[in-house]
Amino acid sequence: MSLSSIEKIQVEYNEYCRRINPAILNALIQTTRGNDGTSHLEIEDDTYHYIATERGLDLSKNSTRDKDELLYWLVSELAWGLASTYEFKTESKDRAFGACYFPKPLKISTRQTRRGRKENKKSSMQF
């Protein structure tokens, strides 16, 4: 099985990006470690590796030989970034950004610890 080159994947990825938001002309697929939490693509041993690194540590690593699965990961990350940016820019005055952005983790964490329950009582966040 022959994998598509990064250049060919980049062309397809840019097409998806334009469908999602025409203002995104060139969303560059990173191919080197940024060490800032961003993901990058490596091709090794006939496998695509999509790796998020921060401060020299791999935070996540997804591997596949399926180009469509790789494109799904790329587009999902783009959609997540766009959604979080939108939420941040349009946050409600009644709810904190974190409460909108991370409702389930906040709900779980504030109910599971004694301090969390105490903080939740003082907080104006509504779940």
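Predicted model: local features only at pLDDT ≥ 70, side-chain atom pairs only at ≥ 80, totals over all residues.

Me: Why is His 40 called buried?
Reply: The term buried requires a relative accessible area under 20%. His 40 has a relative accessibility of 1%, so it counts as buried. The residue lies in strand β1 (residues 36-44). Leaving aside neighbours within four places in sequence, its contacts include Gln 30, Arg 33, His 49, Tyr 50 and Ile 51.

Me: What makes the pair of His 40 and Glu 42 a polar contact?
Reply: The cut-off for a pair of N or O atoms is 3.5 Å, with one able to donate a hydrogen and the other to accept it. The side chains of His 40 and Glu 42 are joined at 2.8 Å, and 2.8 Å is within 3.5 Å.

Me: Why is Ile 43 called partly exposed?
Reply: Partly exposed covers the range between the buried limit of 20% and the exposed limit of 50%. Ile 43 has a relative accessible area of 37%, and therefore falls in that range. Ile 43 is also in strand β1, and it touches Leu 3, Ser 4, Ile 6 and Tyr 48, not counting residues up to four places away in sequence. The C-alpha atoms of Ile 43 and Ile 6 are separated by 8.2 Å, although the two residues are 37 apart along the chain.

Me: How do you know that Lys 67 and Glu 12 form a salt bridge?
Reply: A side-chain nitrogen of Lys or Arg must lie within 4 Å of a carboxyl oxygen of Asp or Glu. For Lys 67 and Glu 12 the closest N and O atoms are 2.6 Å apart, so the pair meets the cut-off. Lys 67 belongs to helix α2 (residues 67-89) and Glu 12 to helix α1 (residues 6-20), so the pair ties together parts that are 55 residues apart in sequence. Lys 67 is partly exposed at 23% relative accessibility, and Glu 12 is partly exposed at 26%.

Me: What makes Glu 15 and Arg 18 a salt bridge?
Reply: Their closest N and O atoms are 3.9 Å apart, which is within the 4 Å limit. Both residues lie in helix α1, three residues apart, about one turn of the helix. Glu 15 is partly exposed, at 36%, as is Arg 18, at 34%.

Me: Why is Arg 55 called exposed, whereas Glu 54 is called partly exposed?
Reply: The term exposed requires over 50%. Arg 55, with a relative accessible area of 69%, is therefore exposed. Glu 54, at 27%, lies between 20% and 50% and so counts as partly exposed. The two residues form a salt bridge, with the closest N and O atoms 3.3 Å apart. Elsewhere, salt bridges that share partners join Glu 15, Arg 18 and Arg 19 into one network.

Me: How do you know that β2 pairs with β1 and with β3?
Reply: Pairing requires at least two bridges. β1 and β2 have seven bridges, in the antiparallel sense, and seven bridges also join β2 to strand β3 (residues 57-64), again antiparallel. Glu 44 stands opposite Thr 47 in β2, and the bridge partner of Tyr 48 in β3 is Thr 64. Each hairpin has two residues between its strands: in that of β1 and β2, Asp 45 takes a positive phi near 55 degrees, and in that of β2 and β3, Arg 55 takes a positive phi near 50 degrees.

Me: Why is β2 described as largely enclosed?
Reply: Seven of its eight residues are buried, so β2 is largely enclosed by the rest of the structure.

Me: Which residues have the most contacts inside the largest nonpolar core?
Reply: They are Ile 9, Tyr 13, Leu 70 and Leu 74, in a core of 16 residues. The elements giving two or more residues to this core are α1, β2 and α2, and α2 gives the most, with six. Among the residues that Tyr 13 touches are Ala 27, Ile 29, Leu 74 and Leu 78.

How values were computed. Residues numbered from 1 in each chain as written. Heavy atoms only, no water. Helix = DSSP H or I, 4+ residues; strand = E, 2+ residues; numbered from the N terminus. Buried < 20%, exposed > 50% of the residue type's maximum accessible area, 1.4 Å probe, protein only. Contact = heavy atoms within 4.5 Å. Core = buried A, V, L, I, M, F, W, Y, C linked by side-chain atoms within 4.5 Å.
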